[in-house]
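Reader: I am new to this structure. Please take a close look at one part of it, then connect that part to the rest.

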Amino acid sequence: MAAAFRRCSQKEISWSVGISKSLRVKPVIYSHCSTHEKWRPNGVFVKCGIVDVQTRFFDFAVIGSGVAGLRYALEVAKHGSVAVITKAEPHESNTNYAQGGVSAVLCPSDSVESHMRDTIVAGAYLCDEETVRVVCTEGPDRIRELIAMGASFDHGEDGNLHLAREGGHSHHRIVHAADMTGREIERALLEAVKNDPNISVFEHQFAVDLLTSEDDEGTGCHGVDTLNTETQQVVRFISKVTLLASGGAGHIYPTTTNPLVATGDGVAMAHRAEAVVSNMEFVQFHPTALADEGLPIKPPKPRENAFLITEAVRGDGGILYNLSGERFMPMYDERAELAPRDIVARSIDDQLKKRNERYVLLDISHKPREDILSHFPNIAAECLNYGLDITQQPIPVVPAAHYICGGVRAGLQGETNVKGLYVAGEVACTGLHGANRLASNSLLEALVFARRAVQPSIAHMTQSDLRAGDPSQWARPVIPASLKDRTMSDVLSITRQVRKDLQSVMWEYVGIVRSTMRLECAEREIAELENRWEKFLFRQGWEPMMVALEVCEMRNLFCCAKLVVSSALSRHESRGLHYTTDFPHLEESKRLPTIIRPCSNVNTSWSSRQLHKVPIYQQV
């Protein structure tokens, strides 16, 4: 199955090369300077190669500071200089919000084959079996490495790791730190990064677009342009190797467990750079996000991201009820609350629609109070802030966008079809998750592929020359300084409303249950919305090379939304997270990944175009 998403022709891809000279920077005479600096949160500068204020050279550029990016950085730093580029503070990543844990075979009664079987069943048999075997086999070693680095996980009374069980798992195999596992892993990795003299961390750097070139062998990546969202400076990172580990795109929907930074930047940049994208129709809605309207005390303002109620609550014995107090999961699946997430989310969605209710209830109060508070202290504290004691009362929950199983297509070593570009974490589609991710396999995948990408990255780095990425060959993005304050205020105001409109379209037509008619409506409405937005921008004097955080995020959200809709329309079956009423059954003949390849199609939008790309022959 292949979905051909609209792309621009080669002539259009290179359109920015011919941009007016006023938008170009003067050629930079570059060499590694003897002064080395490195940004630290406390303002101290130490070690890195600098050319001028806006151009920096590194052996490795890592886009994203979650578990995948940090784990990779720590390994490649043994072989060269590393820039970790993060959109906000380093800890602000999907990793930091991961509550449940990391799945790995660490119990004698468990086995790699059992973990593989659970993964493949949850993935609706669309998983790549070789990838599944690699991840399940190498997972235990990755956990041991984290422990050796100082990550602290919960232990049982016998002194061994306490292994939890979650939906879709046949064994207890979830390593966790109470209900704040991601935060603990992120803490340990950031501490190690802070102490590594070869790693430079650049905060508040929004990645705008990859720097690419073309030759007869295809596209190559030479780094990334970023916007410092605090100083409003454009910074160019030239690197021999680039790792995309920028997380997901949860904010294409109005309610998501993802942090505000998850606007699909990595997938959109890679797509514009002609990387192959796969399986974007498989958007996982976590069944149990906290439903604020069901709390005794309502939050004073809407949350930026939904508060997650971890899968482990159901794994620990939590039971789902509708508002009439009826347990409903056994009606949908024999595994009841321990069914995979796609089944639980659809079951809750069905209950809400049939009963015209806004949330259901998840009850763990029948368990001992001490166990609840020790296993779920963060959830207990958050609920208590709003007058709900989870040791005595059920938790109001509702599904929320949580994880995209698709992404930039990656091989077994994190490689992409773009030379010098590797991917790991949620931004990647490795084939592990298939049509639905098994609980707690995401951190595992990130750890495994971050390590697997190291050796090929080092090999590519040693064969590369930084001069292949002459910074003067790419037009430099510019901030919209020429626009008046009132104009810029109007641009941002309209962009915020457009963002809400896009999210509403995605939830209404591309949610948990879909149909061809609704997907086609989404496709039309998104195209019209994007067209109106772009026309408005350019009427205000916006130019193609201008960059601003919210405008660039909107560009990426449109790109990812279109990828999801295009992929969903191409799959004429229901499999895993993609359920359509027009094709409600599995079709063995369609058990193939959705592949979105670059194509030449003149009907393209600004959001689909790469800001800058040069033919290799233009380089010095």
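Author: Start with D292, which sits in the loop between strand 12 (283-290) and helix 8 (311-315). Helices (H or I, at least four residues) and strands (E, at least two) are DSSP runs, numbered from the N terminus. D292 counts as buried because its relative accessibility is 18%; buried means under 20% relative accessible area, exposed over 50%, partly exposed in between (1.4 Å probe, protein chains only). Leaving out residues up to four places away in sequence, D292 touches K298, P299 and R303. Contact means heavy atoms within 4.5 Å.

This is a predicted model, in which local features need pLDDT of at least 70, side-chain atom pairs count only at pLDDT 80 or more, and totals for chains, interfaces and linings use all residues. Residues are numbered from 1 along each chain as its sequence is written, and side-chain values use heavy atoms, with hydrogens and water left out.

The protein chain averages 87, and 86% of the residues score at least 70. Residues 1-52 stay under 50. For that stretch the model has 148 contacts beyond four places in sequence. Where pLDDT is low, the predicted coordinates should not be read in detail.

Now a helix pair. Helix 2 (residues 67-76) packs against helix 13 (residues 442-452) at an angle of about 25 degrees, their axes 8 Å apart. Axes are lines fitted to C-alpha atoms, for helices over the stretch in contact, and angles run from 0 to 180 degrees between N-to-C directions. Helix 2 contributes V67, A68, R71, Y72 and E75 to the contact. Helix 13 contributes L443, A446, L447, A450 and R451.

Definitions and conventions: pLDDT = per-residue confidence, 0-100.
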